[in-house]
Amino acid sequence: VMDKDGLAAFEKRIRARFEAAAAEPSGYPYRRWSEVLRAIYCAERDTAAYVALAEKTGLTPEDCLVLAKLQIARRRPGEALVWVARGRALDREGQIRSTAAYDLDQMHRELLNKLGRGTEALAAAWTDFREHPGKYTYDDLMKFVPASERSAWHEKAMEAAKGADLRSVIELSL
């Protein structure tokens, strides 16, 4: 909606509000203006400013996902993979999974595959399936299985799913 000059002026105003709210970094205004600045930097594709802000306010798995997407848009899958790995590590540190966890896991496998590391992508998908056997993890797994090996992997997956809950087994059987 805004042109480049309008977005820069908006950023300047929001930055001033963010700095004013910095006196109380645990307060709502500080967090809110931080989120708005993140959205502006993402729209501007200003990775350096986004990283600086995220490190100042606390890097989250969601930030790592955004930064990975920015790197993918720049056709830098190797750098994107670094951000994905960092986001996944941050997610594991938390007591509960972040909202970005699923996307980070999926992007991790896709980037590995894109970088010619298909074996690692398959291994990661297999690990996810064994931890949570079900229709969706099965579908993710089969994306990375070579066509010639699908029937063998199907049998392997069905065997691994025998210990899963009944609902997952039924979904897989269908």
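Helices here are DSSP runs of H or I with at least four residues, numbered from the N terminus. The model is predicted, so that local features need pLDDT of at least 70 and side-chain atom pairs count only at pLDDT 80 or more, while totals for chains, interfaces and linings use all residues. Residues are numbered from 1 along each chain as its sequence is written, and side-chain values use heavy atoms, with hydrogens and water left out.

**Exercise 1. Describe how helix α4 packs with helix α6, and which residues meet.**

Step 1. Two packed helices are described by the angle between their axes and the distance between the axes. The axes are lines fitted to C-alpha atoms, for helices over the stretch in contact, and the angles run from 0 to 180 degrees between N-to-C directions.

Step 2. Helix α4 (residues 61-73) and helix α6 (residues 101-114) have axes 10 Å apart, at an angle of about 35°. The crossing of α4 past α6 is left-handed, a term used if the near helix is turned anticlockwise from the far one by less than a right angle, whereas clockwise gives right-handed.

Step 3. From α4, Pro61, Leu65, Ala68, Lys69 and Ile72 meet Asp103, Leu104, Met107 and Leu111 of α6. By class, this contact of α4 with α6 has seven nonpolar, no polar and two charged residues, where Ala, Val, Leu, Ile, Met, Phe, Trp, Tyr, Cys and Pro count as nonpolar, Asp, Glu, Lys and Arg as charged, and the others, Gly among them, as polar.

**Exercise 2. Work out how α8 is oriented to α9, and what covers the buried residues of α8.**

Step 1. The axes of helix α8 (residues 135-144) and helix α9 (residues 150-160) come within 11 Å and cross at roughly 150°. The two helices are therefore roughly antiparallel to each other, since angles over 145 degrees count as roughly antiparallel, under 35 as roughly parallel, 65 to 115 as roughly perpendicular and the rest as oblique.

Step 2. The crossing of α8 past α9 is right-handed. Tyr138, Leu141 and Met142 of α8 make the contact with Arg150, Trp153, His154 and Ala157 of α9, and these residues divide into five nonpolar, one polar and one charged.

Step 3. The buried residues of α8 are Thr137, Tyr138, Asp140, Leu141, Met142 and Phe144, and their cover includes α6, α7 (118-131), α9 and α10 (166-173).

Step 4. Leu141, with neighbours within four places in sequence left aside, is in contact with Leu122, Ala125, Trp126, Phe129, Trp153 and Ala157. A nonpolar core is a set of buried Ala, Val, Leu, Ile, Met, Phe, Trp, Tyr and Cys residues joined through side-chain atoms within 4.5 Å. The largest such core has 43 residues, of which Tyr41, Trp83, Phe129, Leu141 and Trp153 touch the most other members.

**Exercise 3. Find where Arg45 and Arg75 lie, and say what is noted about their phi angles.**

Step 1. Most residues other than glycine have a negative phi, and most peptide bonds are trans.

Step 2. Arg45, although not a glycine, has a positive phi of about 60°, and its place is the loop between α2 (28-44) and α3 (47-57).

Step 3. Arg75 has a positive phi of about 60° and is not a glycine. Arg75 lies in the loop between α4 and α5, and counts as exposed at 76% relative accessibility.

Terms used. Contact = heavy atoms within 4.5 Å. Buried < 20%, exposed > 50% of the residue type's maximum accessible area, 1.4 Å probe, protein only.
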